[in-house]
Amino acid sequence: MRVLVTGGAGYIGSGVVEQLVEAGHSVVVYDSLYKGHRDAVHPRAEFVHADLLDAKALGAALDRVHAVVHMAADSLVGESVSEPAKYYRNNVVAGLALLEAMREHNVRSLVFSSTAAVYGEPGTQPIEETAPTAPTNPYGETKLAFERALHWHSLAYGLRSMSLRYFNAAGATARCRERHDPETHLIPLVLQAALGHLPQVTVFGTDYPTPDGTCVRDYIHVEDLSRAHVLALDALAGGHPGGAYNLGCGGGYSVNEVIEAARGVCGRSIPVHVGPRRAGDPAVLIASSARIVRDLGWRPRLQDLREIVRSAWDALRA
């Protein structure tokens, strides 16, 4: 297929493009480079440097396209609270512009990179797709708003879509690694401390009701996440009706476990500062992958935490 990947110059987007190219698909990367990187664009992909709200550029990019993987979005929880207008513009308004352009060009399949933040803070872990959706911030709310738009577009216009919900992408491949500014993800922050680029890593709370007192989260290798997007695309092409699927790593890992794994991989000391809990931080957030395992046969292959950390460490020093 010829596939348009929005946000294909970003961290997870470039991983998805890598997997699509390896699977034999023709790829068009559509990215404003607002957060993406030109050197992350796969050399075998066509590149369109434009914003989703540029109707002329988007329409031209959708010519001869069979399907879309929509990765472009703002994704910082804290920023979404302080700047909700920005998140509604980039995650909802721009997303609706994409759907309108797809309809005009008769493109009827879309895989959406969503988030498990649509669930908010559910009382049961691991989170299943049947859990109520109750976002606690504009980031999760805007992702859920787009998912709901997909549902209604399906009923009205015959769009088939699949939304993939997950928490923390991690690790690196030969072509993609984390390069966020500012960096907010735990694993790259820990590795920057190992290199001496940061004086320490702050652990926000050590008195949670978890085995070691620190928060537990999913950490899924970017290669596994990327493969899930390609599987979803192939399933839609094969007639799958679509829907929402969670992507989880199983039992999750605590903040302390991540730091200890990094110490072992790097062979370096990593200074830690214990700070107070952050408001609204649940003790455990992990997603169940039972449904996608059953329906699509997806399982994470790179679940070992040390393997995830090592891939990120090797990419950081390359």
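**Figure 1. Contacts across the whole protein.** Among contacts in the protein between residues at least 6 apart in sequence, 78% link residues that are at least 24 apart. The model shown is a predicted one. It contains ten helices and 14 strands. Along the principal axes, the C-alpha atoms of the protein fill a box of roughly 55 × 40 × 40 Å. The radius of gyration of the protein is 19 Å, which agrees with the value near 20 Å that a compact globule of 318 residues would have. Of these 318 residues, 55% count as buried.

**Figure 2. The packing of helix α6 with helix α8.** Two packed helices are described by the angle between their axes and by the distance between those axes. Here, α6 covers residues 186-195 and α8 covers residues 255-266. The two helices pack at an angle of about 45°, and their axes are 10 Å apart. The crossing of α6 past α8 is right-handed. On the α6 side, the contact is made by Leu186, Ile187, Val190, Leu191 and Ala194. On the α8 side, Val255, Val258, Ile259, Ala262 and Cys266 take part. What kinds of residue make up the contact of α6 with α8? Ten are nonpolar, none is polar and none is charged.

Figure 3. Is Ser289 buried or exposed? The relative accessible area of Ser289 is 10%. A residue counts as buried under 20%, so Ser289 is buried. Leaving aside neighbours within four places in sequence, Ser289 is in contact with Asn246, Leu247, Gly248 and Trp298.

Figure 4. Arg89 is part of helix α4, which covers residues 84-104. The relative accessibility of Arg89 is 41%. Since a residue must be over 50% to count as exposed and under 20% to count as buried, Arg89 counts as partly exposed. Which residues does Arg89 touch, not counting those up to four places away in sequence? They are Asp51, Leu53 and Ala94. Leu159 is 70 residues from Arg89 in sequence, and the C-alpha atoms of Arg89 and Leu159 are 22 Å apart in space.

How values were computed:
Residues are numbered from 1 along each chain as its sequence is written. This is a predicted model: local features need pLDDT of at least 70, side-chain atom pairs count only at pLDDT 80 or more; totals for chains, interfaces and linings use all residues. Side-chain values use heavy atoms; hydrogens and water are left out. Axes are lines fitted to C-alpha atoms, for helices over the stretch in contact, and angles run from 0 to 180 degrees between N-to-C directions. Helices (H or I, at least four residues) and strands (E, at least two) are DSSP runs, numbered from the N terminus. A crossing is left-handed if the near helix is turned anticlockwise from the far one by less than a right angle, and right-handed if clockwise. Contact means heavy atoms within 4.5 Å. Ala, Val, Leu, Ile, Met, Phe, Trp, Tyr, Cys and Pro count as nonpolar, Asp, Glu, Lys and Arg as charged, and the others, Gly among them, as polar. The radius of gyration is taken over C-alpha atoms; the globule rule is 2.2 Å times the number of residues to the power 0.38. Buried means under 20% relative accessible area, exposed over 50%, partly exposed in between (1.4 Å probe, protein chains only).
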